[in-house]
Amino acid sequence: MIRNLSFEVKIQHNLKKCFYYDDGNKLLLSPTSNQVFSWKTAPFSPNAAPNIDSITEGPICSIRFSLDEKLIAVQRSNTSIIFFHRETGETFTHRCKSESESILGFFWTDCPSCDIVVVKTSGLDLYAYDHASKSLALVETKKMTVSWYVYTHESRLVLLASGMQCKTFHGFQLSSVGIIRLPKFEMVMAKPEANSKPVLASEDVYIVTVYGRIYCLQVDRVAMVLHSYRFYRDAIIQQGSLPIYSHKVAVSVVDNVLLVHQVDAKVIILYDIFSDSRAPISAPLPVLFRGFPRSDSFTSRPGTKESESLEASDSNDNEAIIYGEGWTFLVPDLICDVANMRLWKIHLDLEAISASSSEVPSVLEFLQRRKLEANKAKQLCLAITRTMILERRPINMVAKSMDVLVTSYALSLKAGSYFKGIKTERTSSSVPNVSGPGQGVDVNTGRTDGLGKSVQHESASRVNSVSVSRPSNYLSSETEDSSSFEPLKISSNDAQFDSGKVDTGAESSATGNPLNASVSEQQESQLTSPAISPDEMYRFVFAPAEEEMIGEPSYLVSIILEFFRSANLEKVKVHPNLYVLTVQLLARSEQYAELGLCVINKIIEPSKEVALQLLESGRQNFQIRKLGSDMLRQVSLHQDYVLLLVQDGYYLEALRYARKHKVTTIRPSLFLEAAMTSNDSQHLAAVLRFFSDFIPGFHSTSDFSTYYHILNEMNSSSVVA
Amino acid sequence: MLEYSFSKPNSSRSPSLVTEDLRSFISKIYTVYSTNSASFMGLSSIGTASDGMQLCIFDLRRGQHEGQELDKILYFFPADLPFSTQLSVIGLSEGLITFTRIFSPEAACEVIEAERHSHVFYEAEPDIWMVMIVEKSKDSEAIWRIDALREVLKEIHSLFVMFHGSIRALLEREPGGGLTRAHLYPFIMDYLRDFLVGKKLQLPSFRDCLMERRSVQMLTVGREAAIEVQTLVRILESSAGNLPCFSLILFQDLLVSTTLSPEDTINLYKYAVLRLTPLALSSGAKSWSYLRKGNSSSHVSIGSTLLSTGSVSEQFYGSHDASPAGDNRYHVTRPLQHDKWFKGKDGFLITDIWGGDIGSLNVTTPTVWLHQTEERMYLCAYQYKSLTIILLIPLSSILNGDQGVSILKQQLLENASLKILKVEEKLSKGWGGENAYHVSGYRYLLVDGNRDISRASPPTKVTTLSKESLLALNRLREEVDAEKSRAKWDNPGREKDLEVCIRAKNNAWAVARITGGKELYMVLEKANETLLYASDAVEKFSNRYCSGTFSLD
């Protein structure tokens with residue numbers, strides 16, 4: 001369990017310590033007094049150069065780009081938001097109407113009816129942006145008291161906290177298909193003493209998207225647990241709790257794996273909450289830096305995957321401290337190290353995770369669900385399966401593993417992802433900007449929430465759901481399955497956290513080197529699914545295992561049978577080579593009875609390859625040979641069957657069969673020769689007669705004359721005798 | 001094959017090829033008979049006395065000196081015949097064997113058809129012969145197919161060998177022959193009891209022409225169930241560790257899976273159907289209370305008067321010794337004893353045949369001798385609903401005997417019980433019931449000689465056939481038997497294709513088709529128009545149920 005997560009770094013040197021994360025566009029923003037630096041984090045690359053936009057000077061509570069990235073919205077105070085048009089530089093300001101309410105924050109939305117949602121202490125205001133007039137038009141208002149709110153673009157879900165303890169929640173999902181109002185619900189909080197009533201803070205609530213489902217995780221520091229709630233369209237259901245071992249925790253999601261950072265203990269506990277199991281995938285694992293850049297030149301980072309994990313100490317920069325004070329956990333899988341001006345992306349070290357658990361089937365299950373590094377997961381699965389067989393683990397366990405692999409393959413076939421091959425990551429399409437002069441509107445702001453606004457139009461089916469850089473096919477299918485549920489989304493959204501930082505570092509200008517936000521993440525994973533086809537099972541598991549397992553092959557046969565069982569259940573076709581291998585193995589161990597049953601009951605499906613192998617293996621066993629010849633006939637390989645009959649000396653039967661099934665491609669001389677060697681003149685005559693009758697012009701061939709001559713000799717000699 | 005017809009014992013008609021030497025030899029044979037003061041006429045009278053059937057086993061290598069003739073007799077039924085009569089029967093057989101070996105050293109006499117008797121010969125082991133003599137009485141039911149009778153002999157012998165090892169080995173172990181006789185006698189008696197109908201032995205007659213004794217009936221399963229079964233087999237066999245063990249799975253009375261050689265499969269299958277399957281167990285349950293009463297019943301002689309032994313030869317055949325009252329010279333197990341198997345609470349079948357006390361559940365695990373591996377194996381039988389599982393584990397792989405076996409049983413349950421449940425459920429779901437393999441309009445028998453498998457119309461359906469039809473088919477099968485055995489000698493290793501259709505007196509068609517080692521016999525009572533019609537019906541059947549194997553080209 002040495003290494004677990006590798007971080008990628010991108011950093012910038014002179015930037016002032018003021019960052020905002022716009023999760024809608026996946027932009028890391030760093031405003032200075034009159035400029036905004038923005039780095040794309042979506043394809044994550046350490047060397048990306050920032051975009052720079054000019055804005056007017058003023059306080060900044062929060063900042064988000066519109067989803068089409070044409071507008072920049074800056075919350076100046078708790079009463080005003082100012083909008084800049086990036087191309088034209090036009091601005092306009094939006095202000096709170098009433099004195100009694102203040103703006104808590106805002107976010108952009110791809111909801112059809114509106115473009116931006118402003119969260120105020122009195123509720124939500126939904127506005128549409130009017131291109132022509134460069135102003136916001138109020139579409140709808142949702143009235144309610146709000147203490148604070150949590151939003152992630154990934155889930156399109158906004159949770160509004162209210163009440164004395166801030167544990168009563170209203171929720172809205174504003175997705176491209178419309179607005180869904182979730183029922184009001186209460187979160188659970190343990191009381192430290194009889195009379196005290198703790199107040200829930202926004203940094204203790206996380207919206208998390210996993211496998212297209214949306215959960216909310218709530219830290220209960222008194223009980224030291226993380227409560228989880230799952231959101232359905234019409235209900236919020238508590239799902240049980242995860243223990244925590246640190247007073248400070250944070251939550252990330254990488255490739256649908258839930259990571260609970262136990263910050264004080266500096267370890268991460270991983271959960272794969274695909275099924276109902278609330279057990280961690282593995283023991284707690286530490287975080288390791290990987291691919292940490294040289295302090296001077298920033299460029300050389302070998303491919304993330306290949307770079308061996310560097311021990312944390314290896315880095316010259318000793319400022320990089322794991323779980324340092326300045327760490328801010330950004331939406332799904334980023335960590336911003338404000339102190340050191342670095343942005344880390346969390347990677348799962350699949351190898352280490354799989355090595356830390358001995359429960360092979362569940363490890364395989366876990367790996368089969370990984371989409372980010374599908375190829376690596378696949379290779380791991382193959383290696384694990386192979387090893388398991390070579391180590392002769394109990395059949396029950398291997399059987400379960402086969403089930404996992406085959407089921408996953410069948411699923412991927414259904415979803416179509418297996419054949420999709422490469423699916424390029426969707427990069428947030430930066431639409432060429434049509435210049436709209438941004439009207440600067442003065443908005444005075446109070447507090448900020450560093451929430452990003454989302455720009456990306458993802459093809460989330462129904463409810464938003466697609467999380468970044470994941471091919472949408474898997475998820476969307478998933479979404480459709482989950483009737484009436486919203487896909488969950490997990491985002492570790494430390495809204496409050498961010499804002500804290502904002503306060504401190506507000507306003508410093510970043511003149512220096514922009515963060516290296518980079519654009520192209522390596523497309524190492526050409527595959528979108530780690531599913532393993534039966535063909536690959538044969539080539540990379542069974543065939544190598546067969547080569548390595550010398551001696552008694554009975555165990556391997558058992559495993560192959562388990563594979564057949566799984567494949568049959570999932571209606572997956574098995575590669576004929578695997579059947580051939582099975583025949584070889586059974587014949588080699590002289591398990592003829594079993595081989596016979598397998599063929600007769602079609603466990604080994606008939607094919608030409610199998611038939612030929614049966615004939616070959618049948619040299620030692622007459623019954624098996626018989627099965628082979630029967631199979632030839634069964635799969636209508638008439639020519640082979642006729643040839644076989646002739647070879648075995650059944651030339652008359654062969655002729656009859658050839659006549660019936662119109663096999664005309666076999667040379668008459670074969671039959672004639674067979675008849676001749678049987679030394680039966682009657683039979684030879686019959687064969688000659690057959691060809692004379694059925695092949696026009698046979699009389700004039702050399703075959704005819706040769707064998708006619710031979711026949712005459714036979715007859716005369718027999719007369720003499 | 002040689003077939004001799006003796007119309008009269010003293011007939012001086014001799015084969016034309018007989019040389020001077022031979023002639024003197026034959027006269028020698030007759031001398032033997034006269035010394036034993038038996039005659040052919042005598043034979044017939046014995047036949048009537050024993051309800052038409054005699055069965056003997058003798059060893060040609062024994063008792064070759066005057067005064068020691070009794071030595072050669074290893075078994076005789078009925079046992080209460082005077083020795084002189086027994087010896088005369090055996091003497092005749094011996095003479096004929098010796099005589100016919102002159103012409104055919106490899107395969108001597110197979111059958112003698114005398115005027116009133118048929119003598120069926122079977123050389124079970126080199127020089128150890130089994131002969132069955134059946135009476136051709138006026139009783140119109142007494143019409144046999146010789147090969148079917150010989151199958152009975154074969155079955156007796158191979159089952160015997162499975163439990164006790166070869167007769168020759170027993171003889172070598174105790175050259176006096178007492179041990180062998182003590183084993184053979186109760187074994188065959190137990191076996192014959194299965195043929196007892198009322199007080200009469202009912203041997204396979206023409207009415208059984210649509211069945212094949214030495215073959216296995218299989219359950220047809222779909223691919224999915226078959227895979228489940230095979231994976232179960234794997235789990236079963238892996239519970240016994242790395243040593244090679246074997247298994248047999250039956251559903252009802254049908255075989256589902258085997259990993260044994262064909263020969264061993266037939267024997268164990270037969271034993272299972274006779275004594276272990278749910279049906280066999282339930283037929284025994286009727287007399288269960290009786291059995292519980294006396295533990296000593298294991299050696300109580302069979303209740304039938306017909307099969308009970310006469311006092312004269314009891315001593316000789318050792319049956320006396322086998323009974324608890326006797327002096328227990330030999331410890332003889334009687335694996336075919338009736339009503340001795342029970343289903344234990346854990347699902348395993350138990351018996352005290354091999355010793356122990358069924359009440360205390362402390363029983364000795366049965367063992368069998370495998371033909372294929374020539375090794376003695378523990379036999380563990382487990383039953384769940386209709387599923388019977390037989391697992392054979394080499395004695396050599398279990399060090400501490402019965403204790404080791406019970407540990408293994410536990411392992412088996414742990415590993416496989418879920419799977420067993422699943423398999424039983426799958427098979428039950430796919431099971432078409434007793435008449436699953438009935439094809440309406442047809443009465444058939446399908447034999448796959450390559451794999452010793454047969455399938456036939458259910459017996460209840462066969463009984464609807466008229467006697468004429470059955471007789472016709474019986475006759476047809478005899479012809480085919482003859483043809484097959486001739487072909488076997490003429491052209492060893494080659495399969496002969498054959499087709500015969502005959503029309504019976506009642507206008508039914510009896511059809512036989514042999515191709516590629518597979519045989520199809522059929523009676524069509526309602527297809528009485530033309531031969532074409534009959535042949536067409538066969539074709540349809542073949543295409544539908546035999547994947548076209550018997551379709552003519």
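In this predicted model, Glu519(B) sits in strand E23 of chain B, which spans residues 518–524. With a relative accessible area of 8%, Glu519(B) counts as buried, because the cut-off for that label is under 20%. Its side chain has polar partners there: a polar contact of 2.9 Å links it to the side chain of Lys484(B), and another, of 2.7 Å, to that of Tyr521(B). Leaving aside residues up to four places away in sequence, Glu519(B) also touches Leu445(B), Leu446(B), Val447(B), Arg513(B), Ile514(B) and Phe550(B), among others.

Turning to chain A, helix H10 is mostly covered, with eight of its nine residues buried. After H10(A) comes Lys602(A), which has a positive phi, near 60°.

Helix H11 of chain A, residues 608–617, has its own buried set, made up of Val610(A), Ala611(A), Gln613(A), Leu614(A), Leu615(A) and Ser617(A).

Nonpolar side chains tend to be buried together in soluble globular proteins. Here, the largest nonpolar core holds 178 residues, and those touching the most other members are Leu258(A), Ile389(A), Phe542(A), Phe564(A), Phe671(A) and Leu427(B). A second, separate core of 73 residues includes Met130(B), Met162(B), Tyr271(B) and Leu349(B).

Conventions:
Residues are numbered from 1 along each chain as its sequence is written. Chains are lettered from A and ligands numbered from 1 in the order in which they are written. This is a predicted model: local features need pLDDT of at least 70, side-chain atom pairs count only at pLDDT 80 or more; totals for chains, interfaces and linings use all residues. Side-chain values use heavy atoms; hydrogens and water are left out. A nonpolar core is a set of buried Ala, Val, Leu, Ile, Met, Phe, Trp, Tyr and Cys residues joined through side-chain atoms within 4.5 Å. Buried means under 20% relative accessible area, exposed over 50%, partly exposed in between (1.4 Å probe, protein chains only). Helices (H or I, at least four residues) and strands (E, at least two) are DSSP runs, numbered from the N terminus. A polar contact is a pair of N or O atoms within 3.5 Å; within protein, one must be able to donate a hydrogen and the other to accept it, and residues adjacent in sequence count only if both atoms are side-chain atoms. Contact means heavy atoms within 4.5 Å.
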